[in-house]
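Please look over the model below. The report that follows takes its cavities, helices and loops in turn.

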Amino acid sequence: MGLRIMNSGSHPLHLCHLKKSTLIINRLYILFHSIALILLFSFRISSILTLFHSKNQPFIPHLLIFISELTLSFIWILSQSFLWRPVTRTVFPERLPGDDQLPPIDVFICTADPRAEPPLGVMNTVISAMALNYPAEKLSVYLSDDGGCPVTLEAMREALKFAKMWVPFCNKYGVKTICPEAYFTGREVDDEVMVDSLEFGAEQRRIKEEYESFAHKVTKISESESCISNKDHSPVVEVMVDESTNDERKIPLLVYVSLEKRPSHPHHFKAGALNALLRVSNLLSNSPYILGLDCDMYCNDKNSARQTMCFHLDPNLSPSLAFVQFPQTFHNISKHDIYESTLRCLFTTLWCGMDGIKGPCLSGTCYYLKREALYELPLIREDINLKELKQCFGSSNEFIRSLYKKYNAKLDGEKDLFDESLQETKHLASCEYEDGTKWGNEVGFRYFSVTEDFITSITIHCKHWFSVYYMPSRPSFMGSCTTNLNDLLIQGTRWTAGLMEVGLSRFCPLIYGPSRMPILQSFCYAWLALYPIGFISLWILTTIPPLSLLNDITVYPKVTNPFFLVFLYVFVLSNLQHMREIHSTGASLLTWKHEQRVWMMKAITSFLYGCTHAVMEKLGVKEANFLPTNKVINEDEVKLHQMGIYNFQTSSMFLVPLCSLVTLNLLGFVVGIIRMVFHKECIDEILVQTFLAFYVALMGYPVLEGMMLRKDKGRITPTVSCYSLIFSVFILSFGKLLVTY
């Protein structure tokens with residue numbers, strides 16, 4: 001089903017397609033699964049009441065299992081909002097108006113630590129953004145260097161020199177892969193070249209030599225001792241203007257910004273850097289639209305800006321459209337994808353579902369955002385209160401003037417005009433500028449959580465803006481994913497802490513959302529904020545059933561009990577729905593195993609630690625922190641990743657709980673099998689618990705393999721195995737007291 005969205009002419013700029021067959025299947029699944037859950041709860045309530053009065057079995061194990069089932073069911077109910085109305089979209093950029101009518105765009109790229117985010121990769125992202133198929137005079141690229149590293153600034157100057165050759169080369173020959181590293185390493189292959197192949201070949205060889213020279217220079221300066229993140233530095237703003245007068249060789253404006261950092265002032269991590277970019281860009285280019293990119297997420301499709309304008313320039317959408325979100329895709333995914341690095345569920349299922357309501361959540365990168373959606377500007381009137389504006393936006397008269405000014409025209413070859421504003425931009429990038437203002441609270445990107453994209457997205461949607469999700473056939477942006485367990489779990493802990501900060505606050509979507517956005521959208525946001533509490537269910541389900549099995553306690557219905565079919569139905573139906581969803585997105589069914597396994601690993605560790613961190617911060621015990629994921633390539637890690645083998649070189653804080661719980665379930669499974677072999681009459685009672693222990697042990701097989709069979713560097717060390725054994729004994733001892741109460 002296609003919904004026609006018309007432009008000012010007779011042809012639509014884009015179409016919205018409702019996935020009707022998927023919608024019907026999803027709603028039928030919701031109906032039948034809900035009925036099964038009602039039956040399951042009726043069984044649990046009646047059995048718990050019976051146990052409470054008869055006391056013929058311990059009460060606590062049954063109560064804990066019921067709590068785990070309630071928690072999972074609560075999360076499941078929230079998640080069904082994503083399945084209610086999934087849509088996809090098609091765009092027609094060839095129907096856009098001429099270049100002279102396209103609005104300007106500012107590109108924001110953020111980097112934080114040159115040791116974790118190598119400058120060469122960052123510069124490739126910068127250069128790819130400069131090569132977008134968009135009028136050069138309407139494109140400005142800003143790099144925020146949160147580390148204030150002089151190496152990054154020097155690398156950016158080198159990038160400008162190379163971009164003066166690379167951008168005209170891409171424009172002249174219609175190069176599709178506009179990231180030079182991806183182009184020259186053959187990561188992506190262009191389908192066609194628009195000119196004579198001999199001429200192209202000679203030019204390509206010349207540009208390749210220039211790129212190798214550029215890469216060598218950047219790598220060399222990155223190896224210097226000054227390549228460190230600086231936590232105490234003054235604000236730096238450097239405007240790099242192409243002074244060429246040849247229109248064919250014109251390139252976008254390039255600006256380096258480093259927000260001032262002082263130990264005595266909070267800098268608010270990525271959100272603080274983005275707000276500094278907002279203020280500086282307001283003075284220099286003041287474009288109405290912003291492309292937000294992470295430093296490792298390069299532009300892979302030169303036409304993404306024009307595709308976006310098919311939504312932003314539609315007169316029916318534009319007044320209320322806040323942003324267009326693109327999916328994140330990754331170039332270093334192995335065929336096994338054991339770490340679920342593609343984020344398949346998020347970008348092929350959940351965001352399509354949110355798009356069918358009022359639009360997806362802002363995802364931190366790969367979005368085209370309307371600047372106006374981040375500001376709440378009072379209407380222009382004769383009695384406008386300048387004092388109130390300064391209390392809101394800060395003390396800069398130039399900045400406040402720029403808020404009401406027409407978007408600045410590009411000033412080609414007039415660098416001196418930019419220089420006049422440089423001192424003011426440094427003031428805007430100072431750490432004290434936001435003191436006593438509404439920046440981060442009501443203006444700009446929000447500071448409430450380390451997941452600044454999530455809380456900012458909630459506030460945008462609660463102001464009756466909506467968003468759009470567009471997933472083109474050719475990935476518009478590509479980055480590097482995590483290739484080891486350590487980065488996966490650290491990243492998961494950071495995301496969990498940030499999401500739970502919101503879930504435990506007054507901005508909790510179940511409280512803050514329903515009066516400000518559609519109820520289904522509130523459920524979507526609530527699931528994103530609260531799904532980490534699934535760690536409660538998983539810890540219970542990986543401890544209580546095997547402990548009960550070891551202590552001859554039955555916590556599930558007998559096989560001959562009709563309610564056994566209800567439990568079987570819920571388990572089978574939910575997994576079949578998961579498999580159907582995976583198959584519909586074109587992924588292998590092996591993806592089901594990897595996603596189940598990664599969820600288990602993260603729930604046992606990242607979700608637990610992230611939720612604990614969020615609670616401690618709410619109590620004032622711990623402050624938020626932000627660690628960028630390491631982007632430095634380790635060949636041993638890459639080799640294991642490509643082979644589909646887990647790299648367990650991570651903290652014992654993560655490994656000990658994993659090893660202990662998997663070992664406990666293996667023990668429970670073995671004991672269950674022995675009991676069923678020698679006491680066949682008990683099969684009816686313990687089959688469910690034995691199967692559940694087997695399922696956990698099966699999902700945790702790589703952990704068992706890392707403990708017992710592997711000898712390579714990525715194995716689980718004997719020391720960690722010993723700690724895990726001690727922790728397992730503790731669980732068995734304490735658990736016996738718990739389950740026999």
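## Basis

Helices (H or I, at least four residues) and strands (E, at least two) are DSSP runs, numbered from the N terminus. This is a predicted model: local features need pLDDT of at least 70, side-chain atom pairs count only at pLDDT 80 or more, and totals for chains, interfaces and linings use all residues. Residues are numbered from 1 along each chain as its sequence is written, and side-chain values use heavy atoms, with hydrogens and water left out.

## Loop residues with positive phi

Asp337 sits in the loop between strand E11 (329–330) and helix H9 (344–355). Its phi is positive, near 50 degrees, and Asp337 is a residue other than glycine. Buried means under 20% relative accessible area, exposed over 50%, partly exposed in between (1.4 Å probe, protein chains only). Asp337 counts as buried because its relative accessibility is 11%.

His464 lies in the loop between helix H13 (452–462) and strand E13 (466–469). It is not a glycine, yet its phi is positive, about 75 degrees. His464 is exposed, with a relative accessible area of 57%.

## Cavities

A cavity is a set of points, on a 1 Å grid over the protein atoms alone, where a 1.4 Å probe fits but cannot get out; lining residues have an atom within 4 Å of a point. Grid points are joined across faces, edges and corners, and a volume is the space filled by probe spheres set on the points. Two cavities of 30 Å³ or more are counted. The second largest cavity holds about 30 Å³.

Which residues line the second largest cavity? They are Phe326, Pro327, Thr329, Pro472, Pro475, Ser476 and Phe477. Ala, Val, Leu, Ile, Met, Phe, Trp, Tyr, Cys and Pro count as nonpolar, Asp, Glu, Lys and Arg as charged, and the others, Gly among them, as polar. The lining has five nonpolar residues, two polar and no charged.

## Ser304

Ser304 belongs to helix H8 (residues 304–312). It counts as buried, at 0% relative accessibility. Contact means heavy atoms within 4.5 Å. Leaving aside neighbours within four places in sequence, Ser304 touches Leu132, Phe326, Tyr368, Ser476 and Phe477. Among the lining residues of the second largest cavity are Phe326, Ser476 and Phe477.

A polar contact is a pair of N or O atoms within 3.5 Å; within protein, one must be able to donate a hydrogen and the other to accept it, and residues adjacent in sequence count only if both atoms are side-chain atoms. The side chains of Ser304 and Tyr368 make one at 2.8 Å.

## Helix H21

Glu637, Leu640 and His641 are the buried residues of helix H21 (residues 635–643). They lie on the same side of H21 because they cover an arc of only 100 degrees around the axis. The arc is that of the directions from the helix axis to the C-beta atoms. An α-helix has 3.6 residues a turn, so residues three or four places apart point the same way.

Exposed Glu635 and Lys639 are on the face of H21 turned away from its buried side. Gly644 follows H21, with a positive phi near 75 degrees.

Val688 is in helix H23. It counts as buried, at 17% relative accessibility. Val688 and Val559 are 129 residues apart in sequence, but 7.9 Å apart in space, C-alpha to C-alpha. Leaving aside neighbours within four places in sequence, Val688 contacts Tyr556, Pro557 and Phe564.

In helix H24 (residues 701–708), Pro702, Val703, Leu704 and Gly706 are buried. The buried residues of H24 pack against helices H20 (590–618), H22 (652–678) and H23 (683–699).

Conventions
1 Å grid on protein atoms, 1.4 Å probe; cavity = no way out; pocket = protein on both sides within 12 Å on 5 of 7 lines; lining within 4 Å.
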